[in-house]
2 protein chains.
Amino acid sequence: MSAKEQAVMQEAAAANTLPVALDAVGGDFGAAPNVEGAVAAARSGLSVLLVGDQVKLHAELGKYPGASALPLEIVDAPDVIGMSEHASDVRGRKGASINVANRLVKDGRASAVVSMGHSGASMAASLLTLGRLKGVDRPAILTHLPARTGFITILDVGANADVKPQYLAQWAGLASTYLKVVEDRENPSVGLLSIGEEDHKGNALTLEVHALLRQAADAGRINFHGNVEGRDIFLGSTDIVVTDGFTGNIVLKLAEGEAKVLFGWVRDALGSTLLSKVGALLVRNSLRGVAARLDPSTYGASLLIGVNGLSYIGHGSADARAVKNALLRADRAAQTDLIGRLTEGLVAAAGD
Amino acid sequence: MSAKEQAVMQEAAAANTLPVALDAVGGDFGAAPNVEGAVAAARSGLSVLLVGDQVKLHAELGKYPGASALPLEIVDAPDVIGMSEHASDVRGRKGASINVANRLVKDGRASAVVSMGHSGASMAASLLTLGRLKGVDRPAILTHLPARTGFITILDVGANADVKPQYLAQWAGLASTYLKVVEDRENPSVGLLSIGEEDHKGNALTLEVHALLRQAADAGRINFHGNVEGRDIFLGSTDIVVTDGFTGNIVLKLAEGEAKVLFGWVRDALGSTLLSKVGALLVRNSLRGVAARLDPSTYGASLLIGVNGLSYIGHGSADARAVKNALLRADRAAQTDLIGRLTEGLVAAAGD
């Protein structure tokens with residue numbers, strides 16, 4: 001791409017004239033929640049490219065009266081990476097929806113890609129198609145969890161099941177830059193998820209990572225708080241929690257699953273006696289706010305940080321609300337030129 | 001020890017004439033919560049050996065009027081392994097409270113050992129002093145978490161930060177036998193904690209463990225359900241969840257920390273408006289039951305399974321209630337000859 005072409009595309013992206021590409025057949029439930037979410041997003045004014053089998057998508061879209069007037073366009077992709085296939089299947093399957101969707105971003109036809117499909121495959125497709133930001137060996141999935149202090153930022157929550165120590169050290173820097181440029185957070189603190197606050201507690205991996213993070217802190221590149229434990233996540237002891245993608249994925253799914261079951265118990269308890277049923281009517285509104293804070297579909301999807309383009313990855317079990325919110329979130333990130341600012345931030349951090 | 005001596009000791013243990021040994025100076029807060037918990041347990045009739053610096057323990061015990069009439073005895077141990085020391089420090093420090101306490105069990109003077117001190121050090125002390133059950137390379141900390149189905153049993157939650165695949169396979173068998181003999185649970189199901197339900201999803205470790213668990217299931221030794229995810233823990237998808245001690249420790253502390261923070265939010269929400277304050281009075285009792293279900297001090301401490309003796313390990317942050325409950329729990333296990341039944345069960349399982 002010439003420098004001029006690039007400038008035109010960047011301008012288009014900044015003016016938000018570009019649609020968001022949705023892997024519309026990815027996820028546990030296929031096209032239905034994806035199309036429903038895209039229709040909802042389009043009704044609020046967002047342009048969406050629905051990527052997937054065009055016959056299936058036309059049929060699904062036909063269920064929504066007036067959909068033809070919405071800013072929705074179908075981009076055909078004959079193939080899809082199933083949830084039980086291998087992430088490496090992404091290579092060589094050019095017609096797979098996740099590959100086509102990433103290609104739309106690469107070619108400047110979409111501002112971002114969103115997928116509720118196979119996380120590993122989404123990561124691989126974005127890595128192969130969009131490439132990496134400078135100084136990043138592996139991208140990571142960055143997400144937020146509610147905490148007593150507001151929220152914490154945690155990565156990797158699922159892109160890399162097996163890691164090398166330097167990946168985590170790089171992610172600490174990436175997430176620090178992210179919070180600086182996106183949330184205007186000055187000097188965000190980084191915690192390394194481990195099994196004891198003391199420096200020497202942990203497993204073989206975290207002991208090595210700890211030493212690298214200490215070095216990065218000594219060089220002034222990050223604000224390293226030290227080890228944090230499982231309980232520190234909801235306490236919000238640090239702004240950022242760094243971990244490998246295996247542990248982070250378990251943390252994320254446990255946190256969401258626990259909140260769901262606990263609120264179920266609270267609901268059951270409120271309906272258990274006549275007295276508490278009356279009380280429940282009075283506390284309902286107050287409790288709704290707490291439940292909303294913990295609902296993963298509020299965020300919709302998580303940023304794959306470290307690739308040279310906007311890529312969002314959500315749960316396979318995502319519902320239409322999650323899809324809609326993910327699309328809106330991706331669009332907001334594109335409007336504020338997240339990748340451009342992240343790149344600048346990384347250059348500045350490296351030059352410090 | 002002669003066979004006759006052994007028989008006498010076993011009889012004494014079965015008749016519950018033996019006290020429980022408490023590492024009374026271990027944990028984040030030293031002697032105070034340990035002594036307070038032991039006094040409470042002794043008031044309910046339990047005999048306790050308080051192991052630690054005798055001057056310190058006498059002073060602490062002096063705060064409780066009438067303590068001298070309780071079935072409490074101080075056993076001097078001049079040394080203590082601090083929370084920030086290395087687990088391996090246990091070797092060669094014979095006078096450390098955790099070593100003295102384990103020695104009391106080994107010598108038949110106590111039915112069980114309970115410690116809120118350094119988990120790794122407690123594990124090492126029990127392993128070195130009490131030895132292992134047959135077929136067990138490494139003991140694991142086994143605990144329970146509440147689940148929609150009642151509770152689940154999870155191990156290892158902190159004894160082994162780095163593991164080999166066969167450890168997890170052995171723990172699956174150990175926990176299965178435990179649930180059979182302790183809970184009369186027939187054919188308990190085993191889930192391997194991973195990041196996707198599909199067999200091939202996971203990290204390098206879980207892929208190897210998966211194959212071993214499949215073999216054990218094919219040989220009829222365990223009831224292997226397959227991989228489970230973070231969300232399955234609170235759903236109670238399996239009776240047992242097997243994981244390494246790093247992941248398990250993070251799971252345990254996250255689960256407890258999240259419950260605490262969530263209930264704090266519920267409490268805040270209930271006090272946020274006049275209407276909800278009135279409602280809160282009506283729902284209070286119903287909610288109390290939910291909170292109790294999630295309070296870790298109800299269990300008090302977790303069983304170190306795989307050593308040839310009763311050893312319980314609790315949180316460093318344990319309060320007096322946790323200490324008391326841990327002592328009572330250890331005593332109940334001794335009364336029902338848990339180790340004897342576990343050993344028999346393992347022999348039977350091996351002979352199947």
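A salt bridge is taken as a side-chain nitrogen of Lys or Arg within 4 Å of a carboxyl oxygen of Asp or Glu. The model is predicted, so local features need pLDDT of at least 70 and side-chain atom pairs count only at pLDDT 80 or more, while totals for chains, interfaces and linings use all residues. Residues are numbered from 1 along each chain as its sequence is written, chains are lettered from A and ligands numbered from 1 in the order in which they are written, and side-chain values use heavy atoms, with hydrogens and water left out.

Side chains of opposite charge can pair when their charged atoms come close. Over all chains, 20 salt bridges were counted. Among them is the pair A:Glu60 and A:Lys63, with 3.1 Å between the closest N and O atoms. A:Glu60 is buried at 11% relative accessibility, whereas A:Lys63 is exposed at 56%.

A salt bridge also links A:Glu198 to A:Lys201, where the closest N and O atoms are 3.4 Å apart. In this pair A:Lys201 is buried, with a relative accessibility of 15%.

In a further salt bridge, A:Asp89 pairs with A:Arg93 at 3.9 Å between the closest N and O atoms. A:Asp89 is partly exposed at 23% relative accessibility, and A:Arg93 is partly exposed at 21%. Through salt bridges with shared partners, A:Asp89 and A:Arg93 belong to one network with A:Asp79 and A:Glu85.

Key
Buried means under 20% relative accessible area, exposed over 50%, partly exposed in between (1.4 Å probe, protein chains only).
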